[in-house]
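Colleague: I've got a new model open and I'd like to learn how to read it. Could you walk me through a few features?

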Amino acid sequence: MIPSLKRLSSFSTVGHWSSAIREAVNQGHSHKALFLFRQMKQNGFEPDNFTFPFVAKACSKLSDLKLSQMIHTHVVKSPFRSDMFVQTAVVDMYLKCQELRFAYNVFDKMPVRDVASWNSMILGFAQLGFVERVLCLFHCMRVAGIRPDSVTIMGLTQAGLHSKNLGLLRAIHSLGIRIGVDVDVSVANTWIGAYSKCGDLDIAKVLVDGIDLDVRTGVSWNSLIAGYANFGKVLDALNSYKRMLHENYRPDASTIVSLLSSCVQPDSLFHGTLIHSHGIQLGCDSNISVVNTLISMYSKCGDIVSARIQFDSMCERTCVSWTVMISGYAEKGDLNEALRLFRAMGASGERPDLVTMISLISGCGQIGELELGKWINSYAFSIGLGDNTMLCNALIDMYAKCGSTNDARELFHVMPEKTLVTWTTMISGCALNGEVEEALELFNKMLDSGLKPNHITFLAVLQACTHAGLLEKGMECFDMMAKVYNITPGLDHFSCIVDLLGRKGKIKEALELVIKMPVEPDAGIWSSLLSACKIHRNVEIAEYVCHRLLELDPRVAVPYVEMANIYASDGKWDRVSEIRMMMRSKKVRKSPGQSIVLVKMKPHVFKVEDRDHPENWYIYEILDSLVLQMKEENLAHSEFSLEHELP
């Protein structure tokens, strides 16, 4: 890495030293470049306006503030302290160190600024998410008479992406077209990525199709595929991949990672396996990012065995590798294996991060393992994650799901900073545990604090109202969503209102709401309405609702069973027989109910009439003893009551 002293002595001019420093930086050897700079000074050569930009770039790549300040000191002492190119390099150097104040001070004192100087500031602030500051800088740039170029537009696009503001993104897009940079493939690729991440995949696809085949790159396709993957559109992602192959673009590891990321449901396992095969053919199967994504894909698709095979075959594992495997077991409810891997992770010297801890906490909440959740809480605090808001939010959620609202409440009140997620999680936890008054009180306090609720907050509040049967309050919150906060209600919000109306016996009003919904009702909403019909014995509407449910999926047993029960309660036994005949003719079978009992962190599943448990004999012996004891106690109680009732 470090050149020999004999070779260094042959550098007889500043130009030779500058060329050597530039070569080291371009090859990614930043430390070597700084060593050369020091040797240059020690050999009596003074850097010039060509040397400093490359030295500053070396510091930028290292993001080392102390080194950057040392180089800046050399610049200030040199005759080139007012050179525009040198000052721009110093601005960029501080921005890469995320020192915005230092960067702005240098930029503000520049006597002359060109488009590159402005672009450095715009890109630096955009990458760190300071959208308003970026727009202010752009306004000042235009006032100064500097014409924006393709780099300016890419910086502004990054700011638009960070704000997730499609209106701003479209305005930047229009500006790019007006100044003629839309033909630049790098700009087009940046727009494709931004639109994809903001959810406007139609425009992203139009942009890909609009790039000339001569200049279209694999990056264009990768950006579109990543967008589809981000929204779980596996078929669209695969179709784009097919087009990419048809146009003879060679996919890379990032293509495979994006495709695998789109496979997150059990029904997409087959597609995920095909993509895995393509990854092997391309030679990407040894790429650690691809393997990590494979573990995640197989876990989320329910094939934990294949996920483990990938994990066990890894020669080198990162924190991400351990975390995705632990998360896979935790989501499956197998906390025993998740914990075993967690301990193995520590033994390997890999330190768990925030995501690792949240995965375990989520697993505890999923199966109600409170004691283990408390231990993870203590461990997370012991490794310095106690002040992390995301971790505390996950802990509140876990405690609430485990029924320990006191622990959730205690943690909530001691948190120094409460985000919208914090408030929403606590409101949801109270609603889940039937503490409706507290949930509504927390909602009002959140509004008083100045935070604006989102669609998830309103869902938590509506669930609280549904739990307590508070129809008027529920309708008030439902109206508040659109009228006050401009939030369009989703299926889950409508489902809560339908449930509320149904509980109050307002079956016709509930049906009218479902029919007038701006979105297509799903099986959940129709099922909720059918349950209300069963409670209030409304056979006429129940028949209509059952018909709509069977249109959605005629193979699901629940509508048949519910309708049969409704007919039975109304004494229509001939109709009950018809329902049963329909089920037999269509080979519809009711899935047996099941319960999960957690013993020593191991889940035990029991189904109706299931006698396959290894401890079956002992379990039923105890159950028979308990039944006998209950009968004896009931008999004794009856005899005692009879004695006291006789004169």
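**Reading contacts, cores and charges**

Modeller: Let's start with Thr157, which, leaving aside neighbours within four places in sequence, is in contact with Leu169, Ile172, Thr190, Trp191 and Ala194. Keep in mind throughout that this is a predicted model.

Colleague: Is Thr157 buried or exposed?

Modeller: Buried means under 20% relative accessible area. Thr157 has 1% relative accessibility, so it counts as buried. You'll find Thr157 in helix H10, residues 150-163.

Colleague: And what does the polar part of the Thr157 side chain sit beside?

Modeller: A polar atom of that side chain lies 2.7 Å from the backbone oxygen of Ile153.

Colleague: Thr190 was on the contact list. Which residues does Thr190 touch, not counting those up to four places away in sequence?

Modeller: Thr190 touches Met154 and Thr157 on that count. Thr190 belongs to helix H12, residues 185-197, and its side chain has a polar atom 2.8 Å from the backbone oxygen of Ser186. Thr190 comes out at 23% relative accessibility, so it counts as partly exposed. Also look at Ser220: 30 residues from Thr190 in sequence, yet 8.6 Å away in space, C-alpha to C-alpha.

Colleague: Let me try a threonine. Where does Thr88 lie, and what does Thr88 contact?

Modeller: Thr88 lies in helix H6, residues 84-96. Beyond its neighbours within four places in sequence, Thr88 contacts Met110, Asp114, Ala116, Ser117 and Ser120. Its relative accessibility is 10%, so Thr88 counts as buried.

Colleague: Now the nonpolar core. Which residues of the largest one touch the most other members?

Modeller: Those are Ile153 and Leu529, out of 187 residues in that core. The largest share of this core comes from H6, with 8 residues. Leu529 is in contact with Val498, Ile507, Ala510, Leu511, Val514 and Val545, again leaving aside neighbours within four places in sequence.

Colleague: Let's move to charges. How should I think about a salt bridge?

Modeller: Side chains of opposite charge can pair when their charged atoms come close. The cut-off here is a side-chain nitrogen of Lys or Arg within 4 Å of a carboxyl oxygen of Asp or Glu. By this rule there are 24 salt bridges.

Colleague: Which parts of the chain does the pair Glu562 and Lys534 link?

Modeller: The closest N and O atoms of Glu562 and Lys534 are 3.2 Å apart. This pair links distant parts of the chain, with Glu562 in helix H34 (residues 558-569) and Lys534 in helix H32 (residues 523-536), 28 residues apart. Glu562 is buried, with a relative accessible area of 13%, whereas Lys534 is partly exposed at 34%.

Colleague: And what separates Arg575 and Glu578 along their helix?

Modeller: About one helical turn, because Arg575 and Glu578 are 3 residues apart in helix H35, residues 573-585. Their salt bridge has its closest N and O atoms 3.2 Å apart. Arg575 counts as partly exposed at 29% relative accessibility, and Glu578 as partly exposed at 41%.

Colleague: Which residues are linked in a network of salt bridges?

Modeller: Look for Lys205, Asp209, Arg216, Arg243 and Glu247, which are joined in such a network.

Methods
Residues numbered from 1 in each chain as written. Predicted model: local features only at pLDDT ≥ 70, side-chain atom pairs only at ≥ 80, totals over all residues. Heavy atoms only, no water. Helix = DSSP H or I, 4+ residues; strand = E, 2+ residues; numbered from the N terminus. Buried < 20%, exposed > 50% of the residue type's maximum accessible area, 1.4 Å probe, protein only. Contact = heavy atoms within 4.5 Å. Polar contact = N/O pair within 3.5 Å; in protein donor to acceptor, adjacent residues only side chain to side chain. Core = buried A, V, L, I, M, F, W, Y, C linked by side-chain atoms within 4.5 Å.
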